[in-house]
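Reader: Please show me the model, and then take me through some questions about it.

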Amino acid sequence: MGSDVGVDKKPNELIHVLMISFPGQGHVNPLLRLGKLIASHGFLITFVTYEDFGRGMRASNDSITSEPVPVGDGFIRFEFIDDGLKSDDPVRKDMDKHLQHMESVGRRWVRDALTRMEREARPVSCLINNAFLAWVSDAAEEVGLPSAVLWPQSCASFLIYYYFHHSLTQFPTENSPEIDIEIPTLPLLKWDEIPSFLHPTTPYPYLRRAILEQFKNITKPSSILMDTFYELEKNTIDFTLKLLGQTTVRPIGPLFKKTVSGSSQIRADSCKPDTECLKWLDGQPEHSVVYISMGTVAYLKQEQVDEMAAGLEAAGVSFLWVDKPPPPEHNINPHTIPQDFLDRVGDKGKVISFSPQEQVLAHPALACFMTHCGWNSSMEAITLGVPVIAFPQWGDQVTDAKFLCDVFGMGKLLCRGEHDKKIIPRDEIERCLREATLGPKAAEMKENALKWKVTATEAIADDGSSDLNFRSFVEEIRESSKRVLACANGH
């Protein structure tokens, strides 16, 4: 649903919102979806991330430009922060130092950009960031601008981090690494069902520190926007609202499902998806294909890939398998999928390096989704009514897997994440594939998935819970913009 506020107005005549994203696919995607949605209601959005990620965005999409591109009743444009580091700079290999450097450069960039944009007659009225860039809220406060945060995970994960930050319950320690965690509104969580970054032995302590930075200044943003919907996490959202007091929690998802005129060409893919796979899916029977994707960060060991191939062949299911290239910084060889395996499965299987995931999951040929359970992928599966085989790796993925399987009732757990410390053997993969695609368990998962699909669709429809929350936020920006302009004019 649009607004007539921006109709026939030029970009510099619209309220200007500056959005700053952490440079990762799972962070950029939801924030860009939000940006396009806000723009469509008659705003000018300047979307910003770091140059390293921006190069891939521009290479795969001609619409990623500094010139305003029409979206609904508004516009969106892009700028990128150059961190000044060479590709082989040692700072890049030390994530603590790299994150500190990104903050230092980012703060200077924002300060200069706000001055420049005001000089260009398009002053900024609001800043919005996502997790890992908590300093944006500080930067906004320093110059007297309102801000908001888009939380890119579930409200359940948010609450777990909140409880950890404030030491409100017991969490695993070096002396007691395998204790259960009790948090109101959540099921009892085993030690390996909380975000893995919260474990004392996590190999990624810098990510824990980056995430928890947002909780240090959680009262500074006026709104915590969440890419979830109220009906999915009702009790947890209500409880979190009470905890935060004056800071408003607004579930506005699923963001990817909200149709915006003119926005389909504006995407943040770091490389071009293989759309030919959609033609292959067209030739498959309904509800027959297992879609396999581990997201953009997690990368399986070669031994696990070998077991996956053997399990797929033994189960006899049709499959579309996304086997992406390894991240360049990992300095490892790409996976090898044996040619004789592909020859034996023939037209029942297809392997690609990057997929148009939303279109794949919406395809009628899909039977289920073997996923790493990142929140973006989880929301897409929930919203499109696709049962999942949960193959979490790290972070909040293990928590999402718990909810998909045990709370939402639409998943089958294949592993428990990095704490398993094992390769999942082919016979377990075969058994899980069969159970998730045939028989009573598969039927139950599909039934529950379709129920959530209906509920998600209702949430984003006109006057649905997410739609009302979003419109309330938009009006908040409009009102705060009046105050910002009044202050700027000395009133």
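This is a predicted model: local features need pLDDT of at least 70, side-chain atom pairs count only at pLDDT 80 or more; totals for chains, interfaces and linings use all residues.

Reader: With which residue does Glu-428 form a salt bridge?

Author: A salt bridge is a side-chain nitrogen of Lys or Arg within 4 Å of a carboxyl oxygen of Asp or Glu. For Glu-428 the closest N and O atoms of the pair are 3.8 Å apart.

Reader: Is Lys-402, which meets Asp-406 in a salt bridge, buried or exposed?

Author: The two side chains, Asp-406 and Lys-402, come to 3.1 Å, N to O. Both residues lie in helix 13 (residues 397-407), four residues apart, about one turn of the helix; helices are DSSP runs of H or I with at least four residues, strands are runs of E with at least two, and both are numbered from the N terminus. Asp-406 is exposed, with a relative accessible area of 53%. Lys-402, at 14% relative accessibility, counts as buried.

Reader: How many residues apart are Glu-435 and Lys-412?

Author: The side chains of Glu-435 and Lys-412 meet in a salt bridge (3.3 Å, N to O). The pair links distant parts of the chain, with Glu-435 in helix 14 (residues 426-437) and Lys-412 in strand 14 (residues 411-413), and the separation is 23 residues.

Reader: Why is one side of strand 3 (69-71) left without a neighbour in the sheet?

Author: Eight strands form an open sheet with mixed pairing, in the order 3-4-2-1-5-6-7-8; two strands pair if DSSP finds at least two bridges between them. Strand 3 and strand 8 (248-251) stand at the edges, so one side of each has no neighbour in the sheet, and the reason is that each has a single partner strand.

Reader: Which residue of strand 8 stands opposite Ser-223?

Author: Strand 7 (residues 223-226) and strand 8 run parallel and are joined by four bridges. In strand 8, the residue opposite Ser-223 is Thr-248.

Reader: Which residues is Arg-122 in contact with, leaving aside its neighbours within four places in sequence?

Author: Arg-122 lies in the loop between helix 3 (95-119) and strand 5 (124-130). At 14% relative accessibility, Arg-122 counts as buried. Contact means heavy atoms within 4.5 Å. Beyond those neighbours, the contacts of Arg-122 are Asn-12, His-16, Leu-44, Arg-77 and Met-117.

Reader: How many salt bridges does the rule find across the interface of domain 1 and domain 2?

Author: The domain assignment gives domain 1 (13-268 + 462-489) and domain 2 (275-455), with bounds that come from an automatic or database domain assignment. In the interface, 35 residues of domain 1 are in contact with 24 residues of domain 2. Arg-416 forms a salt bridge with Glu-193, the closest N and O atoms being 3.0 Å apart. Across the interface of domain 1 and domain 2, the number of salt bridges found is five.

Conventions
Residues are numbered from 1 along each chain as its sequence is written. Side-chain values use heavy atoms; hydrogens and water are left out. Buried means under 20% relative accessible area, exposed over 50%, partly exposed in between (1.4 Å probe, protein chains only).
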